[in-house]
Amino acid sequence: MNCIIILLIYVLGAVATLASNSKNAAKTALVTSLINAVIALILTGEYLNGNDVSFTQQWISNPNISLSFVVDGLSLTMLLLTTLLLPIIILASFNTLYSKANQLYSLVLFMAFAMAGTFLAQDGLVYYIFWELALLPIFFIGLLWGSDEWKIRKRVMVTFFMYTFAGSLFMLAAFAYLYTLTGSFAWSDLSKVVLSTKEANYIFLAFFLAYGIKIPVFPLHTWQANTYEKSPTIGTMLLSGIMLKMGIYSILRWQMPIAGNVSENILKTVIVLCIVGIIYASLIALRSNNLKRLLAYSSMAHVGLVAAGAYVGNSTGYQGSIIQMVAHGFVVVGLFYLADIIYKRYDTYEIKEMGGIRSQAPKFTTFFLIIMFASIGLPGTFGFIGEFTLLFALSEKELLYAVFAGTSIILGAYYMLKMFQNAVLGSTENKVFAEVTTKEYFVLAVICVVLIGLGIYPKLLTDLFIQ
Amino acid sequence: MSTTILLLTLIFPLVGTLINGFWGKHLSKKVSGTIATMAIAASFVTSCLFFAYIQGSQEPVKIVLFEWMKFNYFSIDFGFYFDQLAALWLLFITGIGTLIHLYSTSYMSHDENFSKFFTYLNFFVFFMLILVTGSNLAMMFIGWEGVGLCSYLLIGFWYKNQDYNNAAKKAFIMNRIGDLGFLVGIFVTGYLFHTLDFIELKEQSFLAPTLGIATMAFFIAATGKSAQLPLYTWLPDAMAGPTPVSALIHAATMVTAGIFMITRLNFLFDLTPDVQHIIAIIGAATALMAATIALVQNDIKKVLAYSTVSQLGLMFLALGLGAYEVAVFHVITHAFFKACLFLGSGSVIHAIGGEQDMRHMGGLKKHMKITYATFFIATIAISGFPPLSGFFSKDEILLTAFHHNIVLWVVASLASILTAFYMFRLLFLTFSNKFRGTEEQEHHLHESPSAMTMPLIILAVLAAVGGLISIPGNSWLNEFLKPVIKNNAASHPHVLGTTEYMLMGLAVVGALVGLMVAYFKYIKNKQVPVNDNNVSGLQKLFANKYYLDDIYQSLIVHPLNFFGSFFKNQIDGLINGIVLSFGRVPSELSYQGKKAQNGNIGLYLFAFVIGVCGLLYYLFMCY
Amino acid sequence: MSTLIALASLAVLILVLEIFNLRKTIVPLTLVGLLVALGLNICDFNSVDSFYNNMIVVNKSTVLFNSLFIVLTFFIVALGQSFYKEQYDKISDYTSLKIFLLIGAYCMVSFGNLVMFFLGLEILSITLYILAGSDRTNIKSNEAGMKYFLMGSFASGFILFGIALIYGATATFDMHQIVLASTQLAMPKWFTVGFTLMLVGLLFKIAAFPFHFWAPDVYQGSPLLTTTTMSTLAKVAAVAAFYKLSEVFFPAMPTNFVNLIAFLIVATLIIGNVMALKQNNIKRLMAYSGISHAGFMLMAILLGKTAEPYLFYYMAAYAISGIAAFSVILYVCQDKKEELVIHFRGFAKHKPVLAITLSLALLSMAGIPILAGFFGKLFLFTEALKQGFYITVITAVITSIISIYYYIKVIIVMFTYKNADTHTVYQKNFMYSAVAVAAIIINLIIGFCPSIIIDLF
Amino acid sequence: MEQVLQQIGIDQYIYLAILLFCIGAFGILYRRNAIVMFMSIEIMLNAANLLLVAFSTYHEDANGQVFVFFTMAVAAAEVAIGLAILVAIYRNIGSIDIDKLKKLKG
């Protein structure tokens, strides 16, 4: 079994989905994603057995670029996140009847293809190509299937597109510069390159522009809440669940190994920015009235922590960020799904207009509670393992970092519980909230099982990347 | 000792949770309640077995299930550690837990979410057991946060009332502040000693410069969970939950987690005397402050809540003085009488249909004999009259304080005198004189059913005789805990001298004074507390809880909200504006450029010639 | 050489066919003829040869450039089949003009002598003047023709004057001997002045700052197919000629010359991309986009011989995307008076394939992977960084970001369904669609496998 | 002829050519009548021609003079096209003032 199969299947699936009619598109996409989920699991098995599942093929001789897809602990974990989350996301979208579903799901699969490629590629340029490719589908998904008035949506999506694209072009320039030094784009060569501090600084900053925007890190975040709000739920899930992980993954894979000897001041500044972002986003989440925006800022706060951990650059930070990426992926998809379910019933994202759900839908409430508490890192959920490891990593670097970043567990609890109280609790006001359907139940149950299962026995996953 | 039996102790409540959680809706209330109660009872049985075992062999049991987390220089096990300390907590958690479950089957019988209540309650016990049996700090943290979760769920159990939800939220967040402390403590400890395991920590710990930060952080965690200054304000609000919850979680078990944790880590705290001093001072201050607030409270549960805070303060005082087993002793006796008091108040509230204001009670003695009797016993116990349990445990604290620092002793004694006063005030206002409620309420007054009175009786008995486990001079508890507590550095007045007897006498006299004042005020003069708005002076300060809540509101909550809005409305827009200006600048340039490109060929040619001149000038003149 | 002869014959043949009233066969026959010429051209791939006293030079790079020109002409002629439907009686003129244009382009890169270069340039220019003003009754076309003609001849004057000065310095028009002379003898100042004047003319032809002003106006006023030709074939040919000359002259220029060119590149990139932002006429937009691409290609020229494959790749990628884009623009604007961006509103709903084609073409120009334009830019950046042109690369990166905006704007308009003119019936047009799709497929192929072009060198 | 050249010097020819060229260029810049502009262009081209011929003699190389013929042919062709366009314009707007051509801008 070779890891490139996953990419091929995604492309084939995308084509098949495009070819199918609107009715069957979602099912085709689901089947494709499920096949890939299975394949990813098989690959994991093979990888653990020590089989080589990598793929390398010379592509362009001048400049030297090869199609190199290597599976290691990090990329495999990310691949698993992508492949396993995608069926959940697609299944979660069954709630909504999208027009031109075949195009939508085709784009979704194409985006999955690009994201999986980003995680697998070990050649800087191939990686960059996948990185950019992932941007196009989500742009169109947001643009064509998003909510709100066309004009506003267009402005939001264009800002998002321009912003992220702008950042990544600097990364391309950095790669081009690295190529002039090494004559290769291969990760194995680039990670060995010895840079002077000045060079490392510039390259670090170029990468940071790309990743900082994608993640997003304060103050490069302004696109995020708007984009999350205007995208259709499936787009929001893809964005927050998988796509922003590309940024953190890239820090771990590319930025820190290559530009690791960046000057301490820059590194510290970046970590401090991440931490400032945590508090900043948490406070905004506290004052958000729109559920989707609240979740967007909450996501930003969480990811800020992950980024801070990744930038610490020690092994604890490394594993912490991987763990939290997976945890956050499932949590945030769960949260947006919950928001979507509420939206389907109440037809609003305004928290003020919700309430009285608990008395009508205890199952829904239970799921809400579990996912919410996983989000704020309650021990026993996977979110805790991630936050714990990350905060520990920060404390290894500087205890004050951990203290300030740790305020997120307080503020996170504050805004989440506040939201929960206003959105779910309280009395009914003659609004009918139907209990979750079987499909919804299934999706939420899977997410909860993953979160709790991995929270209790994280080795199931962490063994992949911790030697 | 079979590990299976030990694990069963944990598993029973979990099974109870799961059964009630998944199928509770389909079960009848009776079955549901029985299952929950039986689960805890079964746990109690296994706890007893373990207690018997450890009493005999003295050998703690460590169970490691699997490796939970792994870092490059150490790993954290998913394991349990059953020792003497855990045994004590196991016993009274499951023991009192069983009683309160039993009580709840009756107390909650009219609630529509009956099974959910028991789900949460069982879940709480499960987490509490993890907290006390976890083999390392991280495991303890699971329980630590888990009980916080259940506390949140149970305080906000009547979720339709947003005030209750606010209280629940407040409890959780205040606890989280402490939890951050816990985490910081864990991090420093792990970083310093490369382990979080209690056994290894005990063996390997040494004094390091940053250890003080760790112990201070742990103490902050304890102030959160055990409701000490400055984080105690959630506990009185937590009375929003059903009364059995208050009894179990906010009096007997959860709030003692902080004491448990510090006792567990006594070897670390012993290394940092500065932090111990802080603990002692905070403990004493909390004890006095809460006691003064309790003087003027009119809500029956609020009085008990402040009383709890005050008593916990005394325990922390003991901890700060290094007298860990004294603190543990008071935890146990306090669990008995405070649970009894809460359940008693629950019985009262139950009887008058949910009324909690003492001003509308009175004269219940006639209607609720058992409740009154048990309540009376518990009140004497908490006020520190010999030979009931409270006397012994409180007196030991006072004695220890006296030997360390006379100021602390004075404060603590004052707090206990006040305790006697406000407890009797409570007793008299509730049970004596005439009923002050509505006629309809009076009509319904009745003694509670046996499922409620049974636990009351048992707890009252325990409150009465519980002091026997550590009577001065011959302390079984002290011996039992010896393996757990590394340093018995604190002086233990188990050899009684004149000073000790004098102090005991003073304490009793003090309690009597409290009683008499209350008697004269509320029985003889039949005073009824005035409305909150009409109080003045010191009373007003007390009634407003030293304005601590308001201070927090204006110093923390309001700024947070302000900054949240400020960031959301101003800063985010500003940043966005800066980002967009990167687009506006080219776009403005483009606009101006369009004007320049005016379609006039003369201009184009002119630019052409200028360009040529420029090129030539640069190349040939510009050397 | 045989290619040139074949092309010349083809052009004449087309005119002859008109005489024999075989108009229907003109376009197919021309296409076949072009294929033959392409074949002949490719046959010379490995030969190094010169003809007529080194008037025409054949080597690998000229063969490649010429092949590209022929391919582009092929597409343009094919598009002409539909475009000149209304005035089909003049098809022979238009078609033969395009072949002449190709001949000019051929001479511009294959010259071994400045005479040949000048002739090639003039053939190309004059043909374009005619084509630009070919819509006689349309005042805009007239204006475009006039503007282009006036400025073009003005530039020709500079080129000619430059050639004269160079001749004065070296006493020869032969490139080979000029190289020899410039490297061996101390040259009088006229030589560099002469080349600078030629440079001016060439910068004008590729529409680089500050000689770019004509481009938007002329592009806009010309008939659409002429715009297509200008922005693809003519631009690429001028760049190639520039490159050929630069090979010889750049080494002989003063040291601050590189800075000058770098400055011009930066300015061109900024002007092109910034000015494109606010355009609502697609032709103007493409004109400014073309200016910015001229900046990129100028960058490749600046980088010298090592960047030749990259220059060629960039040219190919740009021109092919241009063909694809303009085919779709032709399709959309067939019956429109003006080629406004709004006319594309909701186009994706009617013709998703063509809309996607245009999107891909524009994205390729913007430099989105995996399209050819991306590699073009990447190769350039890499090479430029290698040679230390940091500021140029950073400007290029920033302006690329700007460029995304106006490309994406057009794409979004196509996908705007709201308020879309649902009554618009787009006439079916096989040729436009076929050329568009074929061009975009070529773009994708060279995007997926840049090696097939890069490895040719 | 050579004598003349030696007497006057090649530099003078160059200056003359440049002068002519500049006259042509300024003519284009300042005149708005298309015909006059055409003439100016011709002056520019002829300046170049003069230079070519001068150099040709100076170097004793006939190539330069041959080039002049090419130039003349090209110039003729160019002007033919130019006039054709001009006629078209005149037909449409009845004027040959190029300042009236301002439709294309922005």
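Tutor: Let's begin with a definition: two residues are in contact if their C-beta atoms, placed from the backbone, lie within 7 Å. By that test, chain A and chain D do not touch, and their nearest C-alpha atoms are 24 Å apart. This is a predicted model, in which local features need pLDDT of at least 70 and side-chain atom pairs count only at pLDDT 80 or more, while totals for chains, interfaces and linings use all residues. Residues are numbered from 1 along each chain as its sequence is written, and chains are lettered from A and ligands numbered from 1 in the order in which they are written.

Student: Which pair of chains has the most contacts?

Tutor: Among the 5 pairs of chains that touch, chains A and B have the most contacts. There, 41 residues of chain B are in contact with 43 residues of chain A.

Student: Which elements of chain B supply the side that touches chain A?

Tutor: Elements here are DSSP runs numbered from the N terminus: helices (H or I, at least four residues) and strands (E, at least two). Strand E1 (61-70) and helices H5 (137-155), H6 (162-193) and H24 (548-596) of chain B each supply at least two residues of the side that touches chain A. The largest share, 15 residues, comes from H6(B).

Student: How do I read the residue classes on that side of chain B?

Tutor: Ala, Val, Leu, Ile, Met, Phe, Trp, Tyr, Cys and Pro count as nonpolar, Asp, Glu, Lys and Arg as charged, and the others, Gly among them, as polar. The side of chain B that touches chain A has 22 nonpolar, 10 polar and 9 charged residues.

Student: And how many residues link chain B with chain D?

Tutor: Here 10 residues of chain B are in contact with 11 residues of chain D. On the chain B side, helix H25 (residues 601-621) gives the largest share, 5 residues. By class, that side has 4 nonpolar, 5 polar and 1 charged residues.

Student: How should I read strand pairing, and which strands pair in chain B?

Tutor: Two strands pair if DSSP finds at least two bridges between them. E1(B) and E2(B) pair in the antiparallel sense over 8 bridges, and a hairpin joins them through 4 residues. Within this pairing, B:Met69 stands opposite B:Ile76 in E2(B).

Student: Is strand E2 of chain B largely enclosed or open?

Tutor: A residue is buried if 20 or more other C-beta atoms lie within 10 Å of its own, exposed if 12 or fewer, and partly exposed in between, with C-beta atoms placed from the backbone. In strand E2 (residues 75-82) of chain B, 6 of the 8 residues are buried, so this strand is largely enclosed by the rest of the structure.

Student: Which strands pair in chain A?

Tutor: Strand E1 (residues 55-60) and strand E2 (residues 65-69) of chain A run antiparallel and are joined by 5 bridges. E1(A) and E2(A) form a hairpin with 4 residues between them, and A:Thr56 has A:Ser68 in E2(A) as its bridge partner.

Student: Why is chain D described as more spread out than a compact globule?

Tutor: Chain D has 4 helices and 0 strands. The radius of gyration of chain D is 17 Å, well over the 13 Å from the globule rule for 106 residues, so chain D is more spread out than a compact globule. Its C-alpha atoms fill a box of roughly 55 × 25 × 25 Å, taken along the principal axes, and 39% of the 106 residues of chain D count as buried.

Student: Where does UniProt list transmembrane regions in chain D?

Tutor: UniProt positions are given in the numbering used here, feature names are shortened, and annotations may be inferred rather than shown by experiment. The unreviewed UniProt entry lists "transmembrane region" at residues 12-30, 35-55 and 67-90 of chain D. In the model, residues 12-30 of chain D are 100% helix, with end C-alpha atoms 26 Å apart. Residues 67-90 of chain D are also 100% helix, with end C-alpha atoms 34 Å apart.

Terms used: The radius of gyration is taken over C-alpha atoms; the globule rule is 2.2 Å times the number of residues to the power 0.38.
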